[in-house]
Amino acid sequence: MVIEINWLAFFQVFAAALIGAAAIVTFYALGLRLLVRGGRAPVVSPAEFTDAITVITEKDLKRAAKQAAKAAKQSPLTERQKLLALVGAYGCFALCGLAVLSGIVIIVVGH
């Protein structure tokens, strides 16, 4: 019994996975950056986790929300620029979702 490896197919899958992961991370980071520039900094409420993860207090959450609101008020961008940043952020998040969905379709349906 001889096992043969199709190295070309292996490298194609490796390159596709590497490029796909880099694209998703890049678009997500760009989307977060544009979301903050648009004045909508994400503030996450505290949750219960295991001892390995530090949970922020309600006081820290209120302070972070206050800082985000203050930063949004001090933004040098006009309202139109903020709107464009938000549209760009949502577009980047949509591209992330499309990349993930296309990967799932390729896996399920095949090539």
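The model is predicted, so local features need pLDDT of at least 70 and side-chain atom pairs count only at pLDDT 80 or more, while totals for chains, interfaces and linings use all residues. Residues are numbered from 1 along each chain as its sequence is written, and side-chain values use heavy atoms, with hydrogens and water left out.

**Whole chain.** Display the chain as a cartoon: 3 helices and 0 strands are present (helices are DSSP runs of H or I of at least four residues, strands runs of E of at least two, numbered from the N terminus). Of the 111 residues, 12% count as buried (under 20% relative accessible area; exposed is over 50%, partly exposed in between, with a 1.4 Å probe and protein chains only).

**Helix 1.** Select residues 7-37. The 31 residues of helix 1 should span 45 Å at 1.5 Å a residue, and the end C-alpha atoms are 45 Å apart, which agrees; the expected span is 1.5 Å times one less than the number of residues. Tryptophan 7 lies in this helix and is partly exposed, at 48% relative accessible area. Next, select glycine 39, which follows helix 1 and has a positive phi, near 90°.

**Helix 3.** Show the side chains of its buried residues: Lys82, Ala85, Leu86, Ala89, Cys92 and Cys96.
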